[in-house]
Amino acid sequence: MNGELTPLLTAAIGFAYVGGFVFVAAGVYLSLRGRRLHPLLLVCISAISFSWIEAPYDWAVYAQFPPAIPRMPSWWPLNMTWQGLPSSVPPGYIAYFVLPAVLGAALGRGLVARYGWRRPQTLLVTGLVVGFVWAFLFNAILGARLGVFHYGRVIPGLALWEGTKYQYPLYDALAMGVQMMVFTYLLGRTDARGRTLIDSWADTRATTGFRSALLSVAAVVLLGHVVYLSVFVPHLATKLGGLVTAGPSEPLFTGVPNQPP
């Protein structure tokens, strides 16, 4: 069984590739129709741009994947995931981060329209809540409980099912929720022309639409990295500080040793 893809693993990999393709295709279509980069395409670009940080993030939170999942080649930047980073991660980052952002933006806009709440705060709160719930369902239930991946070690007292192979660090859902909150804000906070705050800023700094688009891409990539690194650093600090200590002693996957401390 360790060398074979189960239906669940196949579905998870399919979600990464199909979901990533669908969102990018939708973003390209909307951009062509509007004759400017659509916010959806911008967040897709941002999400895949920082997917390389997943490998050191995995290392810091002791995330391990089934041996049957195809891996990235050794040249992948900072390929620190135990046994190698799954090759579905880069497109999967689009599906994983953009889907809850789209849902959060739609919910936030709906709440603003219905109750007249302030849009910035509403988008941030809905983005964080939707992002946290999504990360919990995906990482804790689909991942840890059903075996798409496991966490070998967690910080004592801050995880569900602590000490078992199904343990899940709740601080992971909070970290992922923060990233999705920012994407939700970008998607939901647009002006009458459909421009994000980044687009509006780029338009004031560039003399042509092409240069404005390049500035928007550069800015959204930088923003994505800054936010993701900001939520990664606490994981790295606790890992290097020796605080991530709770976990099972038996192998998470048969025949594969667990990531050492």
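**Note on the packing around helix 6**

1. In the contact between helix 6 and helix 8, Tyr171, Asp172, Ala175, Met176, Val178, Gln179, Val182 and Leu186 of helix 6 meet Val220, Leu223, Gly224, Val227, Tyr228, Val231 and His235 of helix 8, where contact means heavy atoms within 4.5 Å. By class, this contact holds 11 nonpolar, 3 polar and 1 charged residues, with Ala, Val, Leu, Ile, Met, Phe, Trp, Tyr, Cys and Pro counted as nonpolar, Asp, Glu, Lys and Arg as charged, and the others, Gly among them, as polar.

2. The model is a predicted one, in which local features need pLDDT of at least 70 and side-chain atom pairs count only at pLDDT 80 or more, while totals for chains, interfaces and linings use all residues. Residues are numbered from 1 along each chain as its sequence is written, and side-chain values use heavy atoms, with hydrogens and water left out.

3. Helix 6 and helix 8 pack at an angle of about 165°, their axes being 10 Å apart, and are therefore roughly antiparallel to each other (under 35 degrees counts as roughly parallel, over 145 as roughly antiparallel, 65 to 115 as roughly perpendicular and the rest as oblique). The axes are lines fitted to C-alpha atoms, for helices over the stretch in contact, and the angles run from 0 to 180 degrees between N-to-C directions. The helices themselves are DSSP runs (H or I, at least four residues), numbered from the N terminus.

4. Helix 2 (residues 39–49) also packs on helix 6 (residues 170–188), the two axes coming within 9 Å and crossing at roughly 155°, which makes helix 2 roughly antiparallel to helix 6. Pro39, Leu40, Val43, Ser46 and Ala47 in helix 2 meet Phe183, Leu186 and Leu187 in helix 6, and the residues of this contact divide into 7 nonpolar, 1 polar and no charged.

5. In helix 7 (residues 197–205), the residues Ile198, Asp199 and Ala202 are buried, that is, under 20% relative accessible area with a 1.4 Å probe and protein chains only. Viewed down the axis of helix 7, the buried residues fall within an arc of 95°, so they line one face of the helix; the arc is that of the directions from the helix axis to the C-beta atoms. Their cover includes helix 2, helix 6 and helix 8 (209–240).

6. Thr196, in the loop between helix 6 and helix 7, is buried, with a relative accessible area of 2%. Residues up to four places away in sequence not being counted, Thr196 touches Pro39, Leu186, Arg189 and Thr190.

Methods: Helices (H or I, at least four residues) and strands (E, at least two) are DSSP runs, numbered from the N terminus. Buried means under 20% relative accessible area, exposed over 50%, partly exposed in between (1.4 Å probe, protein chains only).
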